[in-house]
Amino acid sequence: MSDPNTERSGAPARGGRILVVEDERHLAEGICENLVAEGYRAESTGEGEVALQWILANEYDLVLLDVMLLGMDGYTVCEEVRKAGKQTPILFLTAKGSVDDRIRGLGAGGDDYLTKPFHLRELLARVQTILRRWDWYGQEAGGATLVRFGENEIDLRAFRGTAWDGQEHELTQKEAMVVKALLEAKGDVVSRDDLLETVWGYEVYPSTRTIDTLLQRLRKKFERDPDAPVYFITVRGVGYRFLTEGNES
Amino acid sequence: MRAALLWSRTRALQICMFLLLVICFAQVLWWFVDQRMFTAEVTEDALAHYQVDVQAAAELLATGTSASEIEMRFPHLDVANGHAIVDPAIVDGLSHSERQRVRRYAWEGGFFLAVLAMAMWILWQTIRREADLRLRQQNFIAAVSHELKSPLASLRLTAETMSLRGPADPERRATLVARMLSDTERLDDMIHKLLDASRLERGKIELHPEPVALGHIVSEAARELKERASERKVEIEIDVPHELEVLADPVAARTVVRNLLENAIQATAAGGGGRVTLHAHRTQDGVHLEVKDTGIGFPPNEAKRIFDKFYRPGDEMRRQVRTAGTGLGLYIVEKLMSGRVRAMSLGPGQGATFDVWWPEAGEDV
């Protein structure tokens with residue numbers, strides 16, 4: 001197992017603090033060395049419980065998470081992180097590569113899934129993509145972290161929203177990212193493919209139905225009548241648009 | 001997840017069987033009560049019919065008919081002192097017949113229920129064993145997949161690192177090469193275990209016992225695993241007199257000692273480090289080798305199951321030990337020792353002791 005207290009850093013300062021949760025010492029060392037060579041800061045642990053504590057106590061830009069771990073399994077770690085309201089991006093890196101395993105990983109709140117043995121270049125590319133996407137999300141959309149539409153309000157930083165009926169809602173990372181992507185379009189239509197590309201980056205989900213389901217969830221949270229939405233509007237056959245003023249017509 | 005699904009299906013099947021048994025039991029109980037009521041009714045009907053005859057006999061007596069004539073017409077009645085009553089022997093006969101029928105129904109119902117319960121129990125056990133085997137096979141597949149893919153992934157990663165990062169300095173190159181060799185060794189070890197288990201299963205391994213120096217085998221295994229042990233903060237202590245010679249197949253004995261030591265190191269490492277002691281001594285039934293660790297231990301009731309093929313404690317995803325194997329190491333030990341092996345533990349966290357014994361060389365076998 002990797003030394004849990006290991007932290008490696010190196011130039012060039014591409015930035016990004018990455019936690020590698022992997023109980024195979026050689027793999028953890030190899031991954032950390034390569035991340036450091038790419039300019040990231042990397043730490044590693046092989047224990048599920050320790051990983052959970054570290055993720056909750058620190059601000060990582062990305063977590064590479066194995067599934068079969070000592071003590072607590074990777075899926076549970078991910079679920080606990082999301083339950084605690086942390087939206088740190090998580091990339092599952094595991095020998096378990098069946099469709100069921102992938103669905104479980106992504107359902108637990110993972111952002112991406114890579115099976116062992118993997119290509120180093122692919123791993124580095126995925127790391128870069130997730131961090132880029134996270135950077136994009138971190139940039140304020142038109143200076144706004146608070147999005148107000150009608151009597152609703154969404155705090156993109158806190159991943160929370162208050163609906164027209166005063167009810168508080170937690171937003172998943174993907175829901176918040178979709179809101180941001182739609183908001184940046186300033187009322188223009190955003191296609192489903194563009195949303196997938198912007199928010200998911202890789203084709204980890206099998207179809208654009210995922211977007212439809214996610215929009216349904218947003219409507220249920222923030223629309224007075226989810227069947228007749230005025231903010232999250234479907235443009236048939238194309239995609240979606242977000243109208244902060246509402247579509248009363 | 002699949003394991004949970006498998007268990008929930010098994011549980012559902014078992015619950016269905018239990019419900020079926022309860023329904024059958026209720027049905028038999030109802031049948032028995034119904035038969036009993038029917039038999040009682042038949043007896044009461046017969047007695048009521050006889051009472052009508054008693055009244056008719058009383059009327060005949062009043063008209064002056066003789067007692068003998070009445071007894072001839074109603075053979076089930078006794079006429080004495082100008083009164084007619086139902087013959088007590090007949091009443092007793094009816095009661096006896098009723099009791100006999102009830103007893104027969106009770107036996108028939110009980111027998112039916114016993115057969116049903118036995119059939120259900122056999123089915124219950126079969127389903128449980130089947131589910132257990134499937135779970136162990138799933139564990140095995142998950143473990144093999146992890147144990148093969150992890151060193152493979154590490155090998156590829158190291159090779160790609162060397163290719164991507166260009167020529168490394170000699171020290172760094174030596175580290176990367178050592179990592180690759182260690183991964184290769186792990187793969188090799190894994191494949192050997194799989195092949196050994198397969199051969200043992202097919203009965204393809206022939207053992208040729210000969211005098212073997214136990215101390216030498218133990219030292220050799222400890223030397224091979226010393227680095228792995230110290231990496232995991234496990235100390236190995238050996239107390240095996242050099243003069244001890246056992247009658248064993250040398251290859252099998254080496255495999256047994258190595259597998260036991262590997263298992264003890266893994267269990268100790270999982271507990272955060274500690275000590276593994278190998279102690280050998282003579283007894284009446286041969287030479288015993290005790291491999292004692294201060295590791296994670298196991299529940300005492302698992303002492304036999306621990307040698308089952310594919311056995312690994314708990315869920316395949318929540319690994320109990322750092323380098324959990326395939327669940328084949330102890331299985332191979334048990335097969336090679338033909339049952340001359342025993343596992344003991346006071347419980348989880350209490351360490352474990354594995355005891356194997358061979359005939360002493362020079363003894364009559």
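This is a predicted model: local features need pLDDT of at least 70, side-chain atom pairs count only at pLDDT 80 or more; totals for chains, interfaces and linings use all residues.
Colleague: Which residue does the UniProt annotation "modified residue: 4-aspartylphosphate" cover?

Modeller: According to the unreviewed UniProt entry, that annotation covers A:Asp66. The residue is found in the loop between β4 (62–65) and β5 (69–70) of chain A.

Colleague: Is A:Asp66 buried or exposed?

Modeller: Buried means under 20% relative accessible area. A:Asp66 has 0% relative accessibility, so A:Asp66 counts as buried. Leaving aside neighbours within four places in sequence, its contacts include A:Asp23, A:Thr94, A:Lys116 and, from chain B, B:His146.

Colleague: How is a pair of aromatic rings described?

Modeller: By the distance of the centres and the angle of the planes. The structure holds 14 aromatic pairs over all chains. One of them, A:Phe149 with A:Phe222, is edge-to-face, at 5.7 Å centre to centre and 65 degrees between the planes. A:Phe149 is in strand β8 and A:Phe222 in helix α8 of chain A, 73 residues apart. Both residues are buried.

Colleague: Why is the pair of A:Phe232 and A:Phe242 stacked?

Modeller: Planes under 30 degrees apart count as stacked. Here the planes are at 15 degrees and the centres 4.8 Å apart, so the pair is stacked. A:Phe232 and A:Phe242 are both buried.

Colleague: At what angle do α6 and α7 of chain B pack?

Modeller: The angle is about 145 degrees, with the axes 9 Å apart. The crossing of α6(B) and α7(B) is left-handed. Their contact has seven nonpolar, four polar and no charged residues.

Terms used:
Residues are numbered from 1 along each chain as its sequence is written. Chains are lettered from A and ligands numbered from 1 in the order in which they are written. Side-chain values use heavy atoms; hydrogens and water are left out. UniProt positions are given in the numbering used here, feature names are shortened, and annotations may be inferred rather than shown by experiment. Helices (H or I, at least four residues) and strands (E, at least two) are DSSP runs, numbered from the N terminus. Buried means under 20% relative accessible area, exposed over 50%, partly exposed in between (1.4 Å probe, protein chains only). Contact means heavy atoms within 4.5 Å. Axes are lines fitted to C-alpha atoms, for helices over the stretch in contact, and angles run from 0 to 180 degrees between N-to-C directions. A crossing is left-handed if the near helix is turned anticlockwise from the far one by less than a right angle, and right-handed if clockwise. Ala, Val, Leu, Ile, Met, Phe, Trp, Tyr, Cys and Pro count as nonpolar, Asp, Glu, Lys and Arg as charged, and the others, Gly among them, as polar. Rings of Phe, Tyr and Trp (its six-membered ring) pair if their centres lie within 6.5 Å; planes under 30 degrees apart count as stacked, over 60 as edge-to-face and the rest as tilted.
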